[in-house]
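Subject: Model handover and findings

Hello,

Here is the structure for you to look over. My notes on what turned up in it follow below.

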Amino acid sequence: MELEANYEIAPTADFIYSRNFTRVAIQFPDDLLKDSTRVVRALREQLRSLRKCSTEKNGDSNKDVRLFVMADTTFGSCCVDEVGALHADAECVVHYGHTCLSPTTTLPAFFVFGKASISVSNFVEGLSNYALTNGKRVVVLYGLEYAHSIKHIREAVEEASRLSQSKSKSEIRFADVKCSVMNPSDDHNNSNGLVGPASNCTDNSTCGTRPANSYSIGGLTWSIPDGQRMEDYLLFWIGSDNSAFANVVMTFNGCDIVRYDATENCLVTDVSQQKRILKRRYFLVEKAKDANIIGILVGTLGVAGYLHMIHQMKELITAAGKKAYTLVMGKPNPAKLANFPECDVFIFVSCAQTALLESKEYLSPVITPFEAMLAFNRGSQWTGEYVMEFRDLINSCPVEVRNGSEARFSFFHGGYVEDFDLQEENGGEDNEGTLALANATDKVLQLRDNPKSVIKGTAKSGPEYFAARSYQGLEMHHDNSSPEPFLIGRSGRASGYENEKSKQEEL
């Protein structure tokens with residue numbers, strides 16, 4: 001019974017049966033894969049029971065439902081793996097475990113968040129005491145695995161507020177879960193973070209156009225009264241220090257944030273380590289400004305609007321006079337990206353909870369689309385606001401065609417840099433590749449002894465990068481057409497080759 005409650009077997013079977021799905025992909029993260037066989041067995045029994053009841057009442061019998069278990073997802077496990085599901089010709093996806101609730105593009109999805117344990121009394125006590133000490137209004141956010149307990153927590157907080165003897169009572173708001181059922185999104189330009197077509201959401205859903213005082217992040221949505229700002233609120237997070245919490249810290253970096261660790265039953269008030277990430281990201285933005293060759297990493301093939309964002313990044317990079325290459329790979333790591341040494345920086349297009357890659361071990365930094373807009377848009381300044389969702393950036397910032405004659409100051413070169421305008425050479429590069437490559441190799445980065453002089457930057461291409469390398473592979477002697485003599489190598493085992501054995505026998 002505990003398995004059926006944690007994995008919501010009955011609601012999942014009702015979703016599959018009510019929509020007449022016959023091929024269903026079931027996605028598990030690595031930590032829940034051990035329960036996959038039991039979950040599938042329980043789902044089959046529940047579906048068989050529903051089909052039997054329907055046959056007795058109506059006399060019609062639906063087709064058997066085939067279930068396909070997906071493990072080792074193509075990209076992040078928090079996103080719906082539509083690519084893997086389509087390989088099995090699935091009609092929908094049932095997603096178990098932690099999720100970012102990013103909208104899908106082709107398949108409907110049913111989300112089962114799980115049910116993590118939490119001490120309601122300890123949390124309410126900690127929340128009440130800290131809220132009274134801080135004096136600010138409070139918004140309670142949480143990991144989706146604690147969504148099942150929010151109703152009890154809300155009731156306990158209201159009860160504690162009634163019994164409180166204190167005259168000063170804090171205003172406490174709770175975020176709601178956006179939805180647990182999601183239909184494919186056709187509105188890729190929806191920048192408010194809510195899924196337009198998913199109007200059939202089941203749990204506390206608020207789908208549609210988001211008002212100006214309404215906020216959404218990581219599958220949660222809430223609103224505040226008119227005339228108030230989020231900076232005036234204290235954010236109280238329930239959950240572990242994971243990617244969802246990092247998303248909250250980065251997005252609302254101007255708010256006071258407290259985390260309640262439900263595993264340890266303690267409050268964590270020091271989030272300076274997470275906010276220190278902002279300094280690192282600003283450093284990467286300044287470094288990206290000096291990049292000539294940009295690699296666009298496709299980190300998702302399922303989140304709605306990813307193709308639109310890739311095209312927008314290409315336009316931005318081209319307008320900045322730089323060269324762009326698009327790379328598709330699952331779960332980037334330093335070894336994979338080291339195969340593209342010509343790229344000075346990578347832009348990672350993915351969901352908000354996998355967008356931040358710690359690039360200290362990478363040869364080239366990895367930035368987000370928001371950071372790319374700051375780096376490649378002339379005149380843009382970072383106000384401290386940070387946007388993690390790339391869907392919030394679609395059509396939000398027009399591509400600015402820069403003035404090629406205007407030099408910019410580079411903190412890394414310690415002087416002014418004049419970028420090379422690549423737009424005029426793009427046509428010739430396509431039609432006259434060899435000639436364009438020969439002309440581009442003559443333009444290199446020139447550093448002069450005078451620090452006040454202007455540094456001429458060149459937007460290189462991949463072929464030019466390899467043409468300028470000292471090592472270009474095996475030497476090919478094209479002028480000598482006669483065959484070279486071959487040499488016979490050693491034979492035998494490494495412990496003792498045949499020629500070595502013969503020498504030992506002679507001794």
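**Helix packing**

Helix H10 (residues 306-319) packs with helix H12 (residues 369-376) at an angle of about 20 degrees, and their axes are 10 Å apart. Please keep in mind throughout that this is a predicted model. Angles under 35 degrees count as roughly parallel, so H10 and H12 are roughly parallel to each other. The crossing of H10 and H12 is left-handed. On the H10 side the contact is made by Met-309, Gln-312, Met-313, Leu-316 and Ile-317. On the H12 side the contributors are Pro-369, Ala-372, Met-373 and Phe-376. By class, the residues of the contact of H10 with H12 are 8 nonpolar, 1 polar and no charged.

How many residues of H12 are buried? The count is 8 of its 8 residues, and the helix is mostly covered. The buried residues of H12 include Glu-371, along with Phe-370, Leu-374 and Ala-375. What do the buried residues of H12 pack against? They pack against helix H9 (277-288), strand E14 (293-298), H10, E16 and strand E17 (366-367).

**The five-stranded sheet**

There is an open sheet of 5 strands in the order E6-E5-E11-E12-E13, with mixed pairing. Its edge strands are E6 and strand E13 (266-268), each of which pairs on one side only. From one strand to the next the twist averages 25 degrees. Helix H5 (residues 120-134) packs on the sheet and touches E5, E6, E11, strand E12 (256-261) and E13. The direction of H5 makes about 160 degrees with that of E11.

Strand E5 (residues 137-142) has 5 of its 6 residues buried, so E5 is largely enclosed by the rest of the structure. E5 pairs with strand E11 (residues 233-238) in the parallel sense over 6 bridges. E5 also pairs with strand E6 (residues 172-174) in the parallel sense, over 3 bridges. Val-140 has a bridge partner in each of these neighbours: Phe-174 in E6 and Phe-236 in E11. For Leu-141, the bridge partner in E11 is Trp-237.

**Antiparallel pairs around E10**

Strand E10 (residues 220-223) is joined to strand E9 (residues 214-217) by 4 bridges, and the two run antiparallel. Ser-216 stands opposite Thr-221 in E10. E9 and E10 form a hairpin with 2 residues between them. Which residue in the turn has a positive phi? It is Gly-218, at about 55 degrees.

E10 is also joined to strand E7 (residues 176-177), by 2 bridges, and this pair runs antiparallel. Here Val-177 stands opposite Leu-220 in E10.

**A residue to look at: Glu-342**

Where does Glu-342 lie? It is in the loop between helix H11 (334-337) and strand E16 (345-349). Is Glu-342 buried or exposed? Buried means under 20% relative accessible area, and Glu-342 has 11%, so this residue is buried. Leaving out residues up to four places away in sequence, Glu-342 touches Ile-293, Gly-462, Tyr-465 and Phe-466.

Regards

Key. Residues numbered from 1 in each chain as written. Predicted model: local features only at pLDDT ≥ 70, side-chain atom pairs only at ≥ 80, totals over all residues. Heavy atoms only, no water. Buried < 20%, exposed > 50% of the residue type's maximum accessible area, 1.4 Å probe, protein only. Contact = heavy atoms within 4.5 Å. Axes fitted to C-alpha atoms, helices over the stretch in contact; angles between N-to-C directions. Parallel < 35°, antiparallel > 145°, perpendicular 65-115°, else oblique. Left-handed = near helix turned anticlockwise from the far one by under 90°. Nonpolar A, V, L, I, M, F, W, Y, C, P; charged D, E, K, R; others polar. Pairing = 2+ DSSP bridges.
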